[in-house]
Amino acid sequence: MEGSSQRFAEIGEGNLNWPAILTACVYAGVEWYIIEQDSCYERDPFESLGISLNNLKEMGFV
């Protein structure tokens, strides 16, 4: 898409289908989930971590 840019986003905040991804992880037997945020932009890294964790909780995966 012309004029658009890609940015890293917290889990549940971007355009990835996290419920489908996490359901596939459950099906595959994943035991550990690790949250990595390459760039937080204007946010504090711990705020980004909290957003991802809260979104995972709301999706029922924590």
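I take helices (H or I, at least four residues) and strands (E, at least two) as DSSP runs, numbered from the N terminus. With that settled, I located Glu 36 in the loop between H1 and H2.

**Basis.** I am working from a predicted model, in which local features need pLDDT of at least 70 and side-chain atom pairs count only at pLDDT 80 or more, while totals for chains, interfaces and linings use all residues. Residues are numbered from 1 along each chain as its sequence is written, and side-chain values use heavy atoms, with hydrogens and water left out.

**Overall.** I noted 2 helices and 0 strands in the protein chain. I also looked up burial, where buried means under 20% relative accessible area, exposed over 50%, and partly exposed in between (1.4 Å probe, protein chains only). Of the 62 residues, 18% count as buried.

**The loop between H1 and H2.** Glu 36 is exposed, at 63% relative accessibility. I found its C-alpha atom 9.4 Å from that of Ser 52, a residue 16 positions away along the chain. Tyr 41 also lies in this loop. I recorded a phi near 55 degrees for Tyr 41, a positive value in a residue other than glycine. Most residues other than glycine have a negative phi. Tyr 41 counts as partly exposed, at 37% relative accessibility.

**Salt bridges.** I define a salt bridge as a side-chain nitrogen of Lys or Arg within 4 Å of a carboxyl oxygen of Asp or Glu. The structure holds 3 of them.

- I find Arg 7 paired with Glu 42 at 3.5 Å, N to O. Arg 7 belongs to the segment before H1 and Glu 42 to the loop between H1 and H2, 35 residues apart. Glu 42 is exposed at 67% relative accessibility.
- I find Glu 10 paired with Arg 43 at 2.9 Å, N to O. Glu 10 lies in the segment before H1 and Arg 43 in the loop between H1 and H2, so this pair ties together parts 33 residues apart in sequence. Glu 10 is buried, with a relative accessible area of 5%, whereas Arg 43 is partly exposed at 30%.
- I find Glu 47 bridged to Arg 43, with the closest N and O atoms 3.7 Å apart. Shared partners join Glu 10, Arg 43 and Glu 47 into one network. Glu 47 is partly exposed, with a relative accessible area of 43%.
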